[in-house]
Amino acid sequence: MDDSTWSALQLTLKVAGTATLLILGPCTFVAYRLARSRFPGKRIVSALLGLPLVLPPTAVGYLLLELLSSRGPLGREVLGFDLDLILTWKGAVLAAGVMAMPLVVRTAQVAFEAVDPRLEMMARTLGHGRVRTFFRFTLPLAGRGLLAATILGFTRAVGEFGATVTLAGSIPGRTQTLAAAIYSAQQVGNEREAHVLLAIAMVVGFVAILVSEQLARGHPEDGHRT
Amino acid sequence: MTGSWWLRRALALLALLPACAGGERTPQSDTELMVFAAASLRDVMLDQAAELERRGGPALAFNFAGSNVLALQLEASPRSADVFLSADRLWIDHLDRRGLLLPGSTTPFLSNKLVVVAARTSPIAVGELAELTSPAIRYLAVGHPEAVPAGRYARTLLESVLVDGVPLWERVKPRLAPASDARAALALVEARDDTVGIVYRTDARSTDRVRVLLEVPDSLAPPIGYFAAVAGESTRREAATRLVRYLGSDEARVIFERHGFSRAAGVSNG
């Protein structure tokens, strides 16, 4: 494996890992609110959060690019400082995170909805506070679903292409992820590198599936069985 | 049981794919020529197409991308194009060697120039090429230097300029941002104020979001040649040959020059 292939793999794992970690907390919170609370505009919020799932990834990337470009609403001229997200690996994290977010929210929401609210009420009547109830009871009960949400989000982030190249470009060693490297190798007619990258992508995907199935099968006490 | 049923369905579909790809052309494409054209020719070729249509010539349909991408597409599906307009000789030769171009149809028809550009809002100034090593420059956007013609020209240029005995190319390599075609390099320049690009003069003129910092002097510039050729498996070779001839004509040249291209004179055929 030569340097550029290795760096593409490393970068992909770094970007997808960071994106997943960053969105996990907020997505879990939002998913819980969507599953449990009623508030005005809930449907609108849910639809907005789902947008990256249905929009073309390049549209999401372009939207981010317009928001962040130097004169955009989140650009240097308005903020007074540079978020440094265009053509950088942090930008790749943002793009991958935005694209993975709806999958994580939706899967986590289903996981929370599967937890019987009466169990939470019991915990509350036994004197546990809201926060304690959430962390002691709800979260473990939804554990397996949340794990699935995390894995789904991570794999989505690993495979993300359109939004990432639009915002972060495809700069070898800096922003060129596995997906972008395969596209680039194919475009420039570098068959050997494309084949190596393809093999790596398949191995990574295969391992991800094995690991996620192993986790899903593992510790039954982590989740609830019905 | 169900597994093998699905497998058979999938295999049957796979078997159909080549039939679809190589099948009859749609009626629409019977009346138009499919032109695979280098991305840098986009604006000017759309103008040429409008002009041809006005004169009652054939309608043109376009596939714009880096010449490398087009050549590989044409190689994968030789019947999908009638005319190939490449921004360099390399990809013409690539197809010629594989017998995918009509023998003797290759015609040099245009030339271009390289310029150094930055975003209009960028504070960066570049007075001479050696200043590309300035620490104020974060990325140097070029077409992919091994495949995209604009990038190969830029690389040839920077390899020929020595700074303290070292080719400039070696100095700027760590901050290269390779783009998938000439126009994509321009988009990278537009995206960040600390990025400069080496692009075609004609592409720089196509947008008001960049400004030219430096015109590459003729004494340093590698010769840039665009070539037109008829696809060997085109079903409309005569019309395609007429189009290639038109692109070398004086009428076509007026439109090319309006966009900043220069005539191909001086470009070697070899």
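**Exercise 1. Find which residues have the most contacts inside the largest nonpolar core, and which element gives the largest share of that core.**

Solution. The largest nonpolar core has 139 residues, and those with the most contacts inside it are B:V83 and B:A185. Such a core is a set of buried Ala, Val, Leu, Ile, Met, Phe, Trp, Tyr and Cys residues joined through C-beta atoms within 7 Å, where a residue is buried if 20 or more other C-beta atoms, placed from the backbone, lie within 10 Å of its own. The largest share of this core, 15 residues, comes from α5(A), a helix being a DSSP run of H or I with at least four residues, numbered from the N terminus.

The model is a predicted one, in which local features need pLDDT of at least 70, side-chain atom pairs count only at pLDDT 80 or more, and totals for chains, interfaces and linings use all residues. Residues are numbered from 1 along each chain as its sequence is written, while chains are lettered from A and ligands numbered from 1 in the order in which they are written.

**Exercise 2. Explain why helix α10 of chain A is largely enclosed by the rest of the structure.**

Solution. Eight of the 10 residues of α10 (residues 178-187) of chain A are buried, so this helix is largely enclosed. Among them are A:L178, A:I182 and A:Q187. The buried residues of α10(A) pack against α1, α8, α9 and α11 of chain A together with α4 of chain B. Just after the helix, A:G189 takes a positive phi of about 75°.

**Exercise 3. State where confidence in chain A is lowest and highest among its helices.**

Solution. The mean pLDDT, the predictor's confidence in each residue from 0 to 100, is 91 for chain A, and 96% of its residues reach 70 or more. Confidence is lowest in helix α4 (residues 76-79) of chain A, at a mean of 86, and highest in helix α5 (residues 89-113) of chain A, at 97.

Conventions. Buried ≥ 20, exposed ≤ 12 C-beta atoms within 10 Å, placed from the backbone. Helix = DSSP H or I, 4+ residues; strand = E, 2+ residues; numbered from the N terminus. Contact = placed C-beta atoms within 7 Å.
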